[in-house]
Amino acid sequence: YRMTAHQARTSRLRLYIPWLVALLGIIASVSTFLALHYTEQRHTDFEFKRRSQIIANLMQEALRNRQEALHTLRDLFHYSDEVTRREFEQAARDLIARHPGLQSLKWAPRVTESLRGKFTASARADDYLDFKIFAAPLNERPAAATNNADSFPIFYDIPFDSTAHILGFDLATSPAWPEFLQAGRDGGVHASGRVAHVTSESLGDAYLMELPVYLDSVPATEAERVRLLRGFLLGVFKPSVVLENLLTQIPHGGLDVLLIERLGTTEIYPLYFLPSNQQPSGTAVLGIATFEAGQHHCIKLDFAGRTWEMWFRPAPAWLASQHTSHDLVIGLFGLLITGLLAVYLRSLFSQTVAVESLVTERTTELTAIQHELQDDIQRRITTEQALKASDERYRTLVSQSSDAIWRLELPHPLQVSLPVDKQIKSITTTGLIAECNKITAQIYGHRQPDEIIGRKFLSLSPG
């Protein structure tokens with residue numbers, strides 16, 4: 001017996017199965033690791049954007065509430081022919097207390113040129129002893145203020161700051177006067193930008209918004225709004241305080257927040273930056289490129305006709321806290337199982353090959369023995385056939401012979417050490433007829449040979 005070429009090739013190929021299993025296991029483990037890692041990154045990115053969106057939505061709502069504070073004050077003027085300084089102060093202080101970040105509220109009435117003197121006298125009589133209407137320097141006045149006959153002096157300022165020296169400042173001479181004119185035409189809240197550009201106040205990152213007030217409600221047409229303009233309500237607020245107050249109410253740890261305003265297509269003004277450790281850094285001079293260099297998210301905010309942008313980036317510590325070792329553990333576990341399975345299959349198939357080799361060897365040996373047995377059997381068959389043929393020839397010879405032929409068997413072994421005559425005597429006296437022909441039986445008075453077979457030779461007498 002010999003192993004065929006196909007069986008030998010199959011046996012050799014079987015030894016490669018563990019390596020194939022190991023390769024497939026490694027591919028599966030690495031694929032699982034990458035899939036879990038990608039899923040975890042997707043989850044981290046989703047959580048990062050979800051938190052960013054929550055903060056941006058709350059900031060948008062907070063900005064809307066600061067604008068509503070001006071609308072509340074305007075209702076006070078629309079429902080009253082004259083709002084006293086005490087009434088304005090009470091309403092303004094309540095609104096400032098309920099809107100963190102709102103620094104001050106101001107009222108700038110419309111004063112015609114003919115009533116400037118009377119208005120100034122009335123103000124001085126109302127405890128504003130040094131009150132006077134003053135204008136911005138000529139080199140700072142916009143072209144729109146050149147032909148303006150009416151004045152819009154700041155008359156109420158809550159809380160009042162005697163060091164600010166803004167009472168009586170004519171908004172019509174302010175660099176931001178075009179913004180005020182547009183607000184008067186539109187009838188809604190407008191944002192003029194930083195306070196320093198409008199009132200010369202130095203309040204850090206303070207921002208100014210204005211709302212026109214009319215003699216009654218807001219007129220329906222632009223021409224009526226310009227004609228019935230009564231004055232402007234001004235609100236000064238700090239985006240930094242608004243943002244800080246907002247983030248104290250919600251968990252935002254792990255996110256850096258940058259608030260900017262785009263002025264035109266290229267100019268960017270950073271309003272505020274709050275790092276993930278929630279330690280205020282003031283108005284940060286921090287380029288957007290710093291945020292864009294890594295993972296970030298930008299959300300636009302609408303504020304009084306302007307567009308602000310909130311930029312978010314995750315802090316490394318927060319990213320590290322979001323990462324778990326599940327993907328690595330599962331990947332390593334898969335590699336471990338793959339290695340164990342490959343070793344087991346390698347051992348199993350090696351044993352199988354060894355057993356098959358041993359079986360082949362033993363089968364070869366058994367086949368050789370079988371061939372020897374078959375040859376021996378064939379020889380015995382040949383010998384038996386020869387003996388049978390010889391016996392048949394012998395019996396034919398005996399049965400057909402005309403001479404008496406017989407064969408004696410001794411009941412006991414013949415002692416060959418005795419003399420020949422004694423051996424002959426022992427044979428004749430003890431020998432039993434084992435075989436004879438018919439002639440022999442007839443000589444001794446019998447018809448058939450079987451009648452004398454088994455009898456002693458000396459017991460027979462010729463007939």
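Seven of the nine residues of strand 6, residues 255–263, are buried, where buried means under 20% relative accessible area with a 1.4 Å probe, protein chains only. Strands here are DSSP runs of E with at least two residues, helices are runs of H or I with at least four, and both are numbered from the N terminus.

Before I go on: this is a predicted model, in which local features need pLDDT of at least 70, side-chain atom pairs count only at pLDDT 80 or more, and totals for chains, interfaces and linings use all residues. Residues are numbered from 1 along each chain as its sequence is written, and side-chain values use heavy atoms, without hydrogens and water.

Which strands pair with strand 6? Strand 9, residues 306–314, runs antiparallel to strand 6 and is joined to it by seven bridges; pairing requires at least two DSSP bridges. In that pair, V257 has F312 as its bridge partner. Strand 7, residues 267–274, is also antiparallel to strand 6, again over seven bridges, and there L259 stands opposite Y272.

For the whole chain, the count is twelve helices and eleven strands. Of its 463 residues, 36% are buried. Take contacts, meaning heavy atoms within 4.5 Å: among those with a separation of 6 or more, 65% are between residues 24 or more positions apart.

Key
Buried means under 20% relative accessible area, exposed over 50%, partly exposed in between (1.4 Å probe, protein chains only).
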